[in-house]
Amino acid sequence: MTKTRILFGLQLAFTLLVAAFLIVPAILSMVAGVTVNYFRGIRSGVTLHWIGQVWELYADTIGRSFEIALATLLVTLVIGVPAAYALHTRGGRFSRIVEEIITLPIAIPGLAIALALILTYGGIGGFRRSWLFILVGHVIFTLPFMVRAVMAVFATIDVKTLDESAASLGASPWRRFRDVIVPNARPGILAGALMVVTLSLGEFNLTWMLHTPLTKTLPVGLADSYASMRLEIASAYTLIFFVMIIPLLVAMQWIGAGAGLMPGKKS
Amino acid sequence: MSSSTFIRFCLVPLAVVVLAFFILPMTQLIVAGANGPLGLKAYAAILLEPRYRQTLVNTVLLSFTVTIVTLVISTIAGLFVQRNRFPGRSLLIAMLTFPLAFPGVVVGFMIILLAGRQGLIGEITSSIAGGKVVFAYSIGGLFLGYLYFSIPRVILTVMAAVEKLDPRLEEAARSLGAGAWAVHRDVVLPALTPAFIASSAISFATAMGAFGTAFTLATNIDVLAMLIYTEFTLGANIAIAAALSVGLGFVAWAILALARSFAGATIAAAG
């Protein structure tokens, strides 16, 4: 008995150490963001001054990130939901190949995709300079998450029977899609939407290459503050980012889609 | 409109966007790699040019070490939280998986707070030993950063796999007289092999391609992603940058595809 208790204690201590490694720096950064002088520690006082500074310096990046995330969501919904329906209904080799192709951007490093986009469309100045250039990158990167989340729901419900019975009642394909397919796919759409927004808000690898000085997003601003601002400002900025994504993470846990961000999940 | 026409119509937006903004650009990238002063040899440069080859070796060694260490840490922690019930367990799981949505840049900053010039490790070592230990801006910092990035993902994979294990197998082994260690060595760990393959692939492929963390920590860390970035932006060496990214993209995809065919799970690396 004592042997198992010692083993339990050792494993617990080890796991706590791992958790500390992950959580301590996050807490340090949250504290540093509201500390008057991080070098002197929390004794120097608590302040919202740095948050205010971040707001002055980077408010536009926060607004733009939200705009891009919502636009990405809209585009992935319009493209992804019908596509998931079609891929599920058609099935077979063709659908598997299409699914494989649209999933490639998860495996290929963002740097490579960004270079490819710049080589192809970088010459079109108006497009290159606008936030739409970043939107395109985010759509390509997040689309597979939406398609797979919706297809995962279709795999658990009997879409074919639903679809066919609606058809036998004389509903047109469009009405069936709108009134039968989409409402039934809602859990997948919600899970996909949360993933798309979370990923878009945090996307850096593509965005760093695709942005211009006038189209900075939040993660681009973060990198900028890490390189050139004092630690308190960088921390306050990171704190704002945490406040933005934590509700999304909690919502994902709530609906049981948290593992979706972790692409090792079986689909 | 007939059903099959409607279904084909449903694929049109996807086809247009994927062709225009993924397939066409990736094709251009492959072509651009062969269109520099070196021609097709740009693709061989990564193996033949000593500087690039050294970077490749560094990146592979670093990614490999990160993968092994992550696997060991996450298996111990994942098995523990999935197998035991104790107060505070769900809080502990939340802490272990909280950084899942952190982008690479933020992970880099976490490492700076731990091991940077004003970092916690420096504080502790300077008060205990008198010497300030700072290693965030070196390959050691990058190693820690990739661990930070991979551990939550692998813990989740291990936990999911442990949950699916058939407890009867272990009971059978125990009733046949196997000790705790033998049960783990001969029953539990072999049953977790598919999860190990899947998570190794994720953590190896992400470490190979990760850019944000290296970018935050230092611009002169010698890994493949930073090499591509500096060749493109500072060197304006577009052909080499393109060839290197095609190579990197192919390797990342191949590892994941290979692991998937072994493990039978849909896996891929994010960010």
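Which residues are buried in helix α5 (residues 89-97) of chain B? They are B:Arg89, B:Leu92, B:Ile93, B:Leu96 and B:Thr97. These legends describe a predicted model, in which local features need pLDDT of at least 70, side-chain atom pairs count only at pLDDT 80 or more, and totals for chains, interfaces and linings use all residues. Residues are numbered from 1 along each chain as its sequence is written, chains are lettered from A and ligands numbered from 1 in the order in which they are written, and side-chain values use heavy atoms, with hydrogens and water left out.

**View 1. Helix α5 of chain B and its cover.**
Buried means under 20% relative accessible area, exposed means over 50%, and partly exposed lies in between (1.4 Å probe, protein chains only). Helices are DSSP runs of H or I with at least four residues, strands are runs of E with at least two, and both are numbered from the N terminus. The buried residues of α5(B) fall within an arc of 125° seen down the axis, so they line one face of the helix. That arc is taken from the directions from the helix axis to the C-beta atoms. The face turned away from the buried side carries the exposed residues B:Ser90 and B:Leu91. The cover over the buried residues includes α1 (2-33) of chain A, along with α4 (50-83) and α8 (139-164) of chain B.

B:Thr55 is found in helix α4 of chain B. Its relative accessibility is 1%, so B:Thr55 counts as buried. Contact means heavy atoms within 4.5 Å. Leaving aside neighbours within four places in sequence, B:Thr55 is in contact with B:Asp222, B:Val223, B:Leu224 and B:Leu227.

**View 2. An aromatic pair inside chain A.**
Rings of Phe, Tyr and Trp (its six-membered ring) pair if their centres lie within 6.5 Å; planes under 30 degrees apart count as stacked, over 60 as edge-to-face and the rest as tilted. A search of the whole structure finds 28 aromatic pairs over all chains. In one of them, the rings of A:Tyr85 and A:Phe177 have centres 5.5 Å apart and planes at 50°, so the pair is tilted. A:Tyr85 lies in helix α2 (residues 49-90) of chain A and A:Phe177 in helix α8 (residues 173-184) of chain A, so the pair ties together parts that are 92 residues apart in sequence. Both A:Tyr85 and A:Phe177 are buried.

**View 3. An aromatic pair between chains.**
A:Phe204 and B:Phe215 form a tilted aromatic pair, 5.7 Å centre to centre with 45° between the planes. The pair crosses between chains. A:Phe204 sits in the loop between α9 (186-202) and α10 (205-210) of chain A, and B:Phe215 sits in helix α12 (residues 212-217) of chain B. A:Phe204 has 2% relative accessibility, so it counts as buried. B:Phe215 has 14%, so it counts as buried too.

Ring pairs link A:Phe21, A:Phe241, A:Phe242, B:Phe98, B:Phe102 and B:Tyr148 into a cluster. A nonpolar core is a set of buried Ala, Val, Leu, Ile, Met, Phe, Trp, Tyr and Cys residues joined through side-chain atoms within 4.5 Å. The largest one has 163 residues, and those touching the most other members are A:Trp208, A:Met209, B:Leu14, B:Phe102, B:Met110, B:Tyr148 and B:Phe211. Domain 1 (1-33) and domain 2 (47-268) of chain B both give residues to this core, so it lies between them. The domain bounds come from an automatic or database domain assignment. Not counting residues up to four places away in sequence, B:Tyr148 touches residues including A:Phe21, A:Leu22, A:Pro25, B:Phe102 and B:Met110.

**View 4. Two arginines over rings in chain B.**
A charge sits over a ring if NZ of Lys or CZ of Arg is within 6 Å of the ring centre and within 35 degrees of the ring normal. B:Arg117 lies over the face of B:Tyr137, at 4.2 Å from the ring centre. B:Arg153 lies over the face of B:Phe149, at 4.2 Å from the ring centre.
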